[in-house]
Amino acid sequence: MLATVNLFAGLAWDPGIRGILIVVVGVGVLCGSVYLLLGTNVGARLGLLLSLAGLAGWMVILTFIWWLMPPAIGPRGENPSWQAVEIYVDGPETPRTDAAEQLPQPEDLPQADRILAENPELSEEYPNGFLISELTTSHPELLEQYLDEEALNGWRIISPSAAGEAQAAAEVALVDAGYFGGPTEFERLDTFSFGGKQTRAEACPDDGALCRAWYRVRKSFQFTHPTHYAIVQVQAVIEQTPVEGEAPPLPEVDPDAPVVSVVMVRDLGSVRLLPFLYFVISTSLFVLFAWVLHSRDKTLMKNKAAAEAASKDA
């Protein structure tokens, strides 16, 4: 008997329709109560039309807010993402993308070893070495001494903190394309950006208030989206055998391995498309119900006028 009680205690009845039931009850209580109130005062059919028109009008306001600010949980389209369009190995291969051809070769860029040798104080901050992209945020004035922006031909070097999304997408593309067996077989190098909308830092290097205000105005009325490219560079690492009982060794880039570059294009997604479609549908329904109510009022007024004329003639 006790075993049977334990068996029933372990059973849980959860048909998985709680969400549906909650929605049904919510619609029934909220919409049904309004319809019940209107129907008992103006009649069943007119009350139904008024309820549907009010619901459609409320949906117009709600979907318009969704259109302006797509909800995190709810109807929204695809988020913007980076799409790999080309992978090439520097040296034996040349990029097919026109914009990628303008990016200098890795050996033509300032080398981190040279910067570290001429600025030994950086070894305290970067005991394991650094990438030149890391200096964009920590030592931008030092990077300017070594890196000429005009030599980048329109490309911009991105800090590692801002390149995380592009690097993650590039890692997936590299493994899927078979260049590497996994993300532990290569090390991320620098990431570069080209095109796209001008950022506030680029438009207002002095960060002036008037410049920032004008930048916001111009950005609000800029309806075109220039193609935004990104190149993520990686290099194979030297295979190391971890020692039992010790921490895993830090990945070490193989200096003889070629640099592999992933050319990516920013897909702007369709975040506002679905809310916009809901807004159009809600607006159409609201106009339809309002037109039906207007036609009903006109017919009622016409019939009343005809009845009054007939009573006067009689």
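**Pocket, strands and buried residues in a predicted model**

Biologist: Which residues lie nearest the centre of the largest pocket?

Modeller: Ala112, Phe130, Leu131, Leu189 and Val253 do, out of a lining of 26 residues. Bear in mind that this is a predicted model.

Biologist: Which elements give two or more residues to that lining?

Modeller: Helix H5 (112-118), strand S3 (186-195) and strand S4 do. S3 gives the largest share, with four residues.

Biologist: Now the strands. Why are S1 and S5 called paired?

Modeller: Pairing takes at least two bridges. Strand S1 (residues 81-89) and strand S5 (residues 259-267) have eight, in the antiparallel sense. They therefore count as a pair. In one of these bridges, Val89 has Val260 as its partner in S5.

Biologist: How do you know that S4 pairs with S5?

Modeller: Use the cut-off of at least two bridges again. Strand S4 (residues 228-236) is joined to S5 by seven bridges, and the two run antiparallel. Tyr229 stands opposite Val265 in S5.

Biologist: Why is Thr97 called buried?

Modeller: Its relative accessible area is 13%. Buried means under 20%, so Thr97 qualifies. Thr97 sits in the loop between S1 and helix H4 (98-101).

Biologist: What is Thr97 in contact with, leaving aside its neighbours within four places in sequence?

Modeller: Val85, Glu86, Tyr229 and Val263.

Biologist: Is Gln83, at 38% relative accessibility, buried, partly exposed or exposed, and why?

Modeller: Partly exposed. Buried would need a value under 20% and exposed a value over 50%, so 38% falls in between. Gln83 is in strand S1. Beyond four places in sequence, Gln83 is in contact with Val263, Met264, Val265 and Asp267.

Biologist: How far apart are Gln83 and Ala213?

Modeller: They are 130 residues apart in sequence and 32 Å apart in space, C-alpha to C-alpha.

Biologist: How far apart are Leu277 and Thr63?

Modeller: In sequence, 214 residues; in space, 8.8 Å, C-alpha to C-alpha. Leu277 belongs to helix H12 (residues 273-313). Its relative accessible area of 40% makes Leu277 partly exposed, since that value lies between the 20% and 50% cut-offs.

Biologist: What makes the phi of Asn153 worth a note?

Modeller: Most residues other than glycine have a negative phi. Asn153 is not a glycine, yet has a positive phi of about 55°. Asn153 lies in the loop between helix H8 (140-146) and strand S2 (156-158), and is partly exposed at 40% relative accessibility.

Biologist: What is the phi of Asp207?

Modeller: Positive, about 60°, and Asp207 is not a glycine either. Asp207 lies in the loop between helix H10 (200-203) and helix H11 (209-220). With a relative accessible area of 40%, Asp207 is partly exposed.

Biologist: Step back to the whole protein. What radius of gyration does it have, against a compact globule of 314 residues?

Modeller: The protein has 32 Å, while the globule would be near 20 Å. The C-alpha trace spans about 110 × 80 × 40 Å along its principal axes.

Note on methods:
Residues numbered from 1 in each chain as written. Predicted model: local features only at pLDDT ≥ 70, side-chain atom pairs only at ≥ 80, totals over all residues. Heavy atoms only, no water. 1 Å grid on protein atoms, 1.4 Å probe; cavity = no way out; pocket = protein on both sides within 12 Å on 5 of 7 lines; lining within 4 Å. Buried < 20%, exposed > 50% of the residue type's maximum accessible area, 1.4 Å probe, protein only. Contact = heavy atoms within 4.5 Å. Rg over C-alpha atoms; globule rule 2.2 N^0.38 Å.
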